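Thanks, everyone. Let me put the model on the screen, and then I'll walk you through it.

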Amino acid sequence: MSSASGAVSLSRLKRRALSIGAVKAFDHAMQFLLPLVLVRCLDTATFGEYRLLWLAVGTIMSFATLNMCGTLYYFVPRSEPQRKRLYVHQTLIFLALSGLACGFFVSPANPLLPAPIRPLEQHGAVLPVFVALWVIASLLDRLPTVDERIAWQAYATVGVSAMRVVLTAAGAWFTGDFHVMLWLLMAVVLTKTGLLAYYVGRRHGLGRPWFEWSTFSEQFRHSAPLGLNAAFYGFRGNADQWVAASFFSLTSFAAFSVAAVVGQLVHILRQSVMESFLPSMSRLQAAGNVRGMLEMNSRGNVMVGRLLYPGLAFVFVFAPELVTMVYTASYSEAAPVMRVYIIGMLASVVEMGSLVMLLRQGTYVLGVTAVTLAVSIAVSWIAAHFFGLPGAAAGSVLALYLDRLLVLRRVARQTGIALRQLQDWRTLATQLAFAAVSGLVAWFIAERLAGGAAAPMRVAAGGAVFALGYAALYLRRSAR
């Protein structure tokens, strides 16, 4: 009986995991495809305003919640109904206060409003109200899953995401006016806030208790360290975009933000593999098999390298053509920036987040993130001054390599395993070399055969040569 029950529970967990994964994939796909519509409906300056809005919102969200929503996964499932309500209410209160503070931060009434945000001042009170509500409504992205209401979470996430895409695209298509688009986004966030209020009222109730200082203190102390690390990491990821927004026009910033999309695609692939390997790695570490855990991490990184390096090499050599095809020639400035980012993405193949968590090195990584954040800002600021738009991306690239080096050395010291043995460096280097050679050959032949052709023709010719060359190199290696 217990065996059957366990099988049913495992089957249910798998269905939940697949449902959540499908919802995330849908949301990411929508947010990736929307700019492809917007760049064809908006002029570059207006598209720059749109990207600046979401840069501000994304940066704010990296520190506004301080992981308070995440702590609900810990506190709610193990509590009786009245205590569940208390934790949810305390999270809402925190988000409301944080949202008000963040709204004032981007408000024209703030005398210390950062210069890069000033182009959004013209929209008045709409922006701060939108930001405040977005912070509060972010609880809807987690709470139904915490309550194991996966269907509710799926409908809410997909519905809000689809509404956001349709209204934003419609506003851009029919008006081309960012102010109209901002009001339509306000309708989206009001709908999301209303859904949150309905869900909390129906599932947890809106009565007392609302707040207990001792309970809130415990919840906050649990969330703050993780939230602070996420804030540093999130801001480091956006620091170069803020530098670009500070140094260059909205038109150039729009191109810069387009180039950063390559990092989001890499993150999705990297995250998917990590989440697949993490349970097995955790069991190995719990059993004391640290070497086995590291070998599994290494195998996962080799798998990612096999998938990622060819794609990065192809995008690197054909960046101008791909930018023109996907985002139009108006964003041609993005191509050299994209190439700088790709150099950094090569290091992201070596995933360290799972090892940091399993070895409980969060405090050390917090320090590393703080140091690399400072390095990233300083280097991007200086390089942007001397090398223009591509230089603004240099800080995040250097920070990524520095982060990997410091964390790898820490893992080597903690496990007693030499740095050269932590990863299959030889295989990774071979994969990178094959991808680089294939890319150069593809570019050379496409330049000779289709040098004067349109971008799609050059990409098609280069893609065929690249695929054949990469396959030939691997077959030759396998035959040895």
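I'll go from the overall fold to the core, then to one helix pair.

Keep in mind that this is a predicted model. The protein chain has 20 helices and zero strands. Its C-alpha atoms fill a box of roughly 75 × 60 × 40 Å along the principal axes. Is that in line with a compact globule, or out of line? For 480 residues, the globule rule puts the radius of gyration near 23 Å; the protein chain has 24 Å, so the two agree. Of those 480 residues, 48% count as buried. Now the contacts with a separation of 6 or more: 80% of them join residues 24 or more positions apart.

Next, the core. The largest nonpolar core holds 128 residues. Which members touch the most others? Phe47, Leu53, Phe130, Leu139 and Tyr331. By helix, H12, residues 290–317, gives the most to this core, with twelve residues. Take Phe130 as an example. Beyond its neighbours within four places in sequence, Phe130 contacts Leu53, Trp54 and Val57, and also Leu185, Met186 and Val189.

Back to H12, and its partner H13, residues 319–327. Their axes come within 4 Å and cross at roughly 85°. That angle falls between 65 and 115 degrees, so H12 and H13 count as roughly perpendicular. Who makes the contact? From H12, Phe314, Val315, Phe316 and Val317; from H13, Ala319, Pro320, Glu321 and Leu322. The tally for this contact is seven nonpolar, no polar and one charged.

That's the tour. Questions, please.

How values were computed: Residues numbered from 1 in each chain as written. Predicted model: local features only at pLDDT ≥ 70, side-chain atom pairs only at ≥ 80, totals over all residues. Heavy atoms only, no water. Core = buried A, V, L, I, M, F, W, Y, C linked by side-chain atoms within 4.5 Å. Buried < 20%, exposed > 50% of the residue type's maximum accessible area, 1.4 Å probe, protein only. Helix = DSSP H or I, 4+ residues; strand = E, 2+ residues; numbered from the N terminus. Contact = heavy atoms within 4.5 Å. Axes fitted to C-alpha atoms, helices over the stretch in contact; angles between N-to-C directions. Parallel < 35°, antiparallel > 145°, perpendicular 65-115°, else oblique. Nonpolar A, V, L, I, M, F, W, Y, C, P; charged D, E, K, R; others polar. Rg over C-alpha atoms; globule rule 2.2 N^0.38 Å.
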